[in-house]
Amino acid sequence: MSNEQIPSPQSLDSFGANIFPAERGSAASRALAAAIAVISWFAFVAQTDITLNRLLSRGGGILDGLDRLTMYLTNLTILMAALCFTSLALSLKTPLSRFFRQPSVVSAVVAYLAFVGIAYNLLLRQLWAPTGFRALVNESLHTVTPLLAMVYWIFFVPVFQHSIRKSLLWLAYPLGYLFLTLWRGALSGFYPYPFIDVNKLGYPRVILNASLLFAGFLALMILFVAVNRSGKPAFLRK
């Protein structure tokens, strides 16, 4: 191919703008954000109902159910996604909404969702096979929402200036969750995931498993940052 035949970055941008004209704040981006928000709220509310009913049937109380609900990274992350994409869909003027609409924050939320989806499908899917309504909720939590969030991030989240400080802030959520879960597990004896079950594995193995998972999230975060720094493909630049 000659130099005359190679399209310039500007022409690629123009070509891409015609195919994917939507930008953050457009009708298409709001529609997708709204869809993700609805699915996230559905999954979170349904999972809350399932968890509370299960604990109540075993003689526990509402507080016990809420305690169990918040021990799962999936539930906390889907709630975060619901708040984030509701903010993107509605563009509210509240401080919380403005916080969640920041490109770096949206990117972090999408990275957490991607991690939850990958971890579940690689490590946990084979452990149980829900059916009916439970299967719908399960797929909404671990597959549908992460995939749609990735689509939103690729097409509608503009490139942003990243820094070491922002990278460290991204790590606060998974690290904070791990430490709090191990602390709560030590008090209650309950650990939400088999790979961090200190009762069965002991602390050395749990620390090893947690380190491997953290390394996986770190690699995922680096990938997000690298794609962002590359400007994304030319036809997706905002």
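A pocket here is an open set of grid points with protein on both sides within 12 Å along at least five of seven lines. With that in hand, here are the close-ups, all taken from a predicted model.

**View 1. The second largest pocket and its centre.** About 240 Å³ of space sits in this second largest pocket. Its lining is made of 13 residues, and Phe 99, Val 105, Ala 108, Leu 169 and Trp 170 come closest to the centre.

**View 2. Who lines the second largest pocket.** At least two lining residues come from each of α5 (95–100), α6 and α8 (164–188). The biggest giver is α6, whose share is five residues. Sort the lining by class and you get nine nonpolar, two polar and two charged residues.

**View 3. The largest pocket and its centre.** Here the volume is about 650 Å³. A set of 27 residues lines this largest pocket, with Arg 54, Tyr 72, Trp 128, Pro 192 and Tyr 193 lying nearest its centre.

**View 4. Helices around the largest pocket.** Two or more lining residues come from each of α2 (27–57), α3 (62–69), α4 (73–90), α6 (103–124), α7 (132–156) and α9 (198–229). Top of that list is α7, which gives the most to the lining with five residues.

Note on methods: Residues numbered from 1 in each chain as written. Predicted model: local features only at pLDDT ≥ 70, side-chain atom pairs only at ≥ 80, totals over all residues. Heavy atoms only, no water. 1 Å grid on protein atoms, 1.4 Å probe; cavity = no way out; pocket = protein on both sides within 12 Å on 5 of 7 lines; lining within 4 Å. Points joined across faces, edges and corners; volume = space filled by probe spheres on them. Helix = DSSP H or I, 4+ residues; strand = E, 2+ residues; numbered from the N terminus. Nonpolar A, V, L, I, M, F, W, Y, C, P; charged D, E, K, R; others polar.
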